[in-house]
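Please read the following report alongside the sequence and the three-dimensional view.

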Amino acid sequence: MTAQRQREMVIEYEKVQTIRKRARTTLSTCEHCCDETDSISLAEAAELFETGREELLHFIRENNCHYHVNVDARMYLCVRSLLDKMQQLIKVRRLPAKGEKQ
Ligand SMILES: [Zn+2]
């Protein structure tokens, strides 16, 4: 007869928290979407997502999100492409909760 050894496992998971914030956008033509979309400055978007401009710019370039540089030499992001990419990445990372439909 062999003695059973007790073992322990540790599971780490993230919970989703909904945070509502507001930001000013301007309607402009996105040449990649071929449509008028909301755009937001890089600085305002970084503040909105509580991240640094460099980190957000890295995300934008890495994920082929749309942006343009305006006549005021400021970078503006296409909100549609930014949110679409974020949603895609969230779906890849997230399993549905018990009873939740996907
Ligand atoms: Zn776009």
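This is a predicted model: local features need pLDDT of at least 70, side-chain atom pairs count only at pLDDT 80 or more; totals for chains, interfaces and linings use all residues.

Residues are numbered from 1 along each chain as its sequence is written.

**Overall fold**

The protein chain holds 3 helices and 4 strands, where helices (H or I, at least four residues) and strands (E, at least two) are DSSP runs numbered from the N terminus. Read from the N terminus, these elements follow the order β-β-α-α-β-β-α. The radius of gyration, taken over C-alpha atoms, is 20 Å for the protein chain, well over the 13 Å that the globule rule (2.2 Å times the number of residues to the power 0.38) gives for 102 residues, so the chain is more spread out than a compact globule. Along the principal axes, the C-alpha trace of the protein chain spans about 80 × 30 × 25 Å.

**Sheet**

The 4 strands form an open sheet in the order S1-S2-S4-S3, with antiparallel pairing; two strands count as paired if DSSP finds at least two bridges between them. S1 and S3 are the edge strands, each pairing on one side only. S1 and S2 run antiparallel and are joined by 5 bridges, and Ser28 stands opposite Thr37 in S2.

**Core**

A nonpolar core is a set of buried Ala, Val, Leu, Ile, Met, Phe, Trp, Tyr and Cys residues joined through C-beta atoms within 7 Å. The largest one here has 10 residues, among them Cys30, Ile40, Leu56, Cys65 and Cys78. Helix H2 (53-62) and strand S4 (75-78) each supply at least two residues of this core, and S4 gives the most, with 3 residues. Leaving aside neighbours within four places in sequence, Cys78 is in contact (C-beta atoms, placed from the backbone, within 7 Å) with residues including Cys30, Thr37, Cys65 and Tyr67.

A residue is buried if 20 or more other C-beta atoms lie within 10 Å of its own, exposed if 12 or fewer, and partly exposed in between, with C-beta atoms placed from the backbone. Buried residues make up 13% of the 102 residues in the protein chain. Cys34 and Ala73, listed below, are both exposed.

Methods
Two residues are in contact if their C-beta atoms, placed from the backbone, lie within 7 Å.
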